[in-house]
Amino acid sequence: METLVGQRLLVLFVHPTCPPCKEFFTSLNGEVEQIAKQGVRMVLVSGGSREQNREMVEEYKLSCPLVIQQEHEIADLYGSSWTPFGFVVDEEGNVAGKGVVNDVHVLGELLARDATVGGSPKSESA
């Protein structure tokens, strides 16, 4: 299994039944490769069933890693309660930007932010 530790990430919280997520995926067309060229790896964190997520990946031709959370355990770790909502995480694991990501223009603005705005996601021991 590939590790993402030490990479700059865009952690994007989505759900297969979320209308704004579907609109965002429609506008994504090839942006995953452009994001990768910026040295950022996009990772989707989703709710819903395995089948719903398989259909979402196929329909929108998503080529990035996808993690399916059982409840909201990963969203709770990041303090996220909206979809689509993204966190830019730097190579050290610090949150370098966050916000609602409902189109590629907002995504570009989020990725352009440099300043750390939130520290690292909450540890489970906290």
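Student: Which residues lie nearest the centre of the second largest pocket?

Tutor: V14, Q69, H72, A75 and T83 lie nearest its centre, among 17 lining residues. This is a predicted model, in which local features need pLDDT of at least 70 and side-chain atom pairs count only at pLDDT 80 or more, while totals for chains, interfaces and linings use all residues. Residues are numbered from 1 along each chain as its sequence is written, and side-chain values use heavy atoms, without hydrogens and water.

Student: What makes a residue part of a lining?

Tutor: A lining residue has an atom within 4 Å of a point of the pocket, which is an open set on a 1 Å grid over the protein atoms alone where a 1.4 Å probe fits, with protein on both sides within 12 Å along at least five of seven lines. By this rule, 20 residues line the largest pocket.

Student: Which element gives the most to the lining of the largest pocket?

Tutor: That is α4, with three residues; α4 covers residues 73-78.

Student: Why are L107, L110 and L111 of helix α5 called buried?

Tutor: Buried means under 20% relative accessible area and exposed over 50%, with a 1.4 Å probe and protein chains only. L107, L110 and L111 are classed as buried.

Note on methods: Helix = DSSP H or I, 4+ residues; strand = E, 2+ residues; numbered from the N terminus.
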